[in-house]
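User: I would like to learn how to read salt bridges in a protein model. Could we work through some cases together?

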Amino acid sequence: MKVIINSKEYQGLPGETLMELAKRNNVDIPNLCHKDGIEGQGRCRLCMVEVREGKKTKIVSSCVYPIRDGLEVVTNSEKIIAIRKNIILLLLLKTPNNDYIKSLAEEYGVKAPDRYVDYKVKENCILCGLCVKACEKMGTSAISLINRGTTKKVSTPYDDPSKDCIGCGACAEVCPTNAITMTDKNRIRTIWNKEFKLVKCSVCGKTFTTDEALQFIESKLGKKEERICDSCRKKIISEKFKESFKYF
Amino acid sequence: MAKGLVVSPDKCTGCRTCELACSYSKSDTFNPKDSAISVMFYEDVGLQVPMTCLQCDEPHCVKVCVVNALTKDEKTGVVNYDKEKCIGCKMCVSACPFGNMTYSIRLKEVIKCDLCKGDPQCVKSCNYGALQYKELDSTLDKRKIIANQFKEAFGEGAI
């Protein structure tokens with residue numbers, strides 16, 4: 001399958017989306033809600049590109065648009081850049097104090113008119129939904145997008161501590177704007193209003209992960225694992241190495 | 001048979017250059033914490049043991065990865081890591097039976113040995129031959145080696 005991006009020809013694989021093809025060939029399409037390994041969501045709309053079909057052109061979001069043979073795509077036309085700037089402006093108004101969005105706005109030369117900006121807003125979430133997808137991938141689905149309109153947010157059911165959450169922190173790691181906080185303090189991990197007692201390593205006594213996460217691993221591996229932290233495991237195996245090389 | 005990293009602790013001097021070379025190639029910094037190889041010290045017996053991913057045949061890390069960011073390459077035998085796919089759940093870090101997975105909070109990615117796509121930097125930096133990148137012995141070769149030792153022990157003139 002041949003696809004032309006910015007008047008250069010690329011070979012596409014069947015079933016690929018435009019974003020995947022562009023990423024594979026190092027064509028830059030800005031995005032916030034896309035991650036390899038997670039299906040495109042088409043939520044942040046920053047990955048908009050222009051697709052030409054004959055005389056007509058249309059604007060599509062590349063992370064959910066499947067490629068076709070002979071597709072002609074432009075990723076940086078004036079129209080597209082104007083759309084991107086608009087989206088960034090709206091994001092900036094929603095999260096005026098977020099470092100990542102601020103740097104993005106700077107990159108595109110977007111400035112929010114002062115009279116519209118409320119600098120007291122502490123919001124960091126742009127509702128891209130990556131955290132929800134990541135949690136879904138883990139098979140836990142502890143969080144989801146709730147409510148509609150201005151009250152829309154990411155949370156656990158009824159904002160209560162979720163019994164499904166395993167405290168892995170994948171949601172916090174994938175968040176493009178660092179909106180999710182996970183704290184480990186006094187052997188307690190706090191995330192999504194839930195408190196986890198961290199597991200102590202049976203060798204060194206340091207805390208390393210949550211019991212729920214270890215149970216997740218055990219269910220995947222189908223066998224019981226000892227509660228040993230990664231650095232102690234390394235020590236145990238290198239100790240064996242040492243024993244076998246001692247008399248060389 | 002696939003090529004692999006062969007570690008000889010008896011030759012290691014404990015200079016830890018491999019750690020720096022690895023972290024520089026993986027994360028553009030000279031930080032042993034961001035290295036996929038680490039040298040363990042045993043002063044009591046005068047040994048240093050470089051420890052790195054063993055590229056298991058049935059890797060636990062691959063089994064627990066929910067987004068297929070970790071994959072076992074059947075041809076080369078290497079367990080590869082795709083940081084673009086990784087969602088940072090850190091399950092592989094706890095699942096590795098040898099503790100050879102590290103999660104870098106700064107880089108938001110797992111640091112794991114992938115033999116530098118067939119050009120291991122640690123081997124290049126090792127001046128003492130403690131790390132070697134070479135063809136691994138097949139099971140048949142290993143049997144032959146053991147059988148030869150038996151032959152020497154029981155062969156003519158030995159007893």
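**Reading salt bridges**

Analyst: Start with one pair: the side chains of Glu39(A) and Lys137(A) form a salt bridge, with N and O 3.3 Å apart. Keep in mind that this is a predicted model.

User: What is the general idea behind such a pair?

Analyst: Side chains of opposite charge can pair when their charged atoms come close. The rule used here asks for a nitrogen of Lys or Arg within 4 Å of a carboxyl oxygen of Asp or Glu. Over all chains, the structure holds 22 salt bridges.

User: Which domains does chain A have?

Analyst: The assignment gives domain 1 (2-76) and domain 2 (130-240) in chain A. Their C-alpha centres lie 34 Å apart. Nine residues of domain 1 of chain A are in contact with eight residues of domain 2 of chain A. About 710 Å² is buried between these two domains, and carbon and sulfur atoms give 67% of that area. On the side of domain 1 of chain A, Leu32(A), Ile38(A) and Gln41(A) lose the most area, together 53% of what that side buries.

User: How many salt bridges does the rule find across that interface?

Analyst: The rule finds one. By class, the side of domain 1 of chain A that touches domain 2 of chain A has three nonpolar, three polar and three charged residues.

User: Where do Lys242(A) and Glu239(A) sit in chain A?

Analyst: These two form a salt bridge, their closest N and O atoms being 3.6 Å apart. Both are in helix α7 (residues 230-245) of chain A; because they are three residues apart there, about one helical turn separates them. Lys242(A) is buried, at 6% relative accessible area, whereas Glu239(A) is partly exposed, at 35%.

User: What about chain B?

Analyst: Lys26(B) forms a salt bridge with Asp114(B), with the closest N and O atoms 3.2 Å apart. Lys26(B) is in helix α1 (residues 17-27) of chain B, and Asp114(B), 88 residues away, is in the loop between β7 (109-111) and α4 (121-125) of chain B. Lys26(B) counts as partly exposed at 25%, while Asp114(B) counts as buried at 13%.

Technical notes
Residues are numbered from 1 along each chain as its sequence is written. Chains are lettered from A and ligands numbered from 1 in the order in which they are written. This is a predicted model: local features need pLDDT of at least 70, side-chain atom pairs count only at pLDDT 80 or more; totals for chains, interfaces and linings use all residues. Side-chain values use heavy atoms; hydrogens and water are left out. Domain bounds come from an automatic or database domain assignment. Contact means heavy atoms within 4.5 Å. Buried area is the accessible area (1.4 Å probe) that two parts lose on being put together, summed over both. Ala, Val, Leu, Ile, Met, Phe, Trp, Tyr, Cys and Pro count as nonpolar, Asp, Glu, Lys and Arg as charged, and the others, Gly among them, as polar. Helices (H or I, at least four residues) and strands (E, at least two) are DSSP runs, numbered from the N terminus. Buried means under 20% relative accessible area, exposed over 50%, partly exposed in between (1.4 Å probe, protein chains only).
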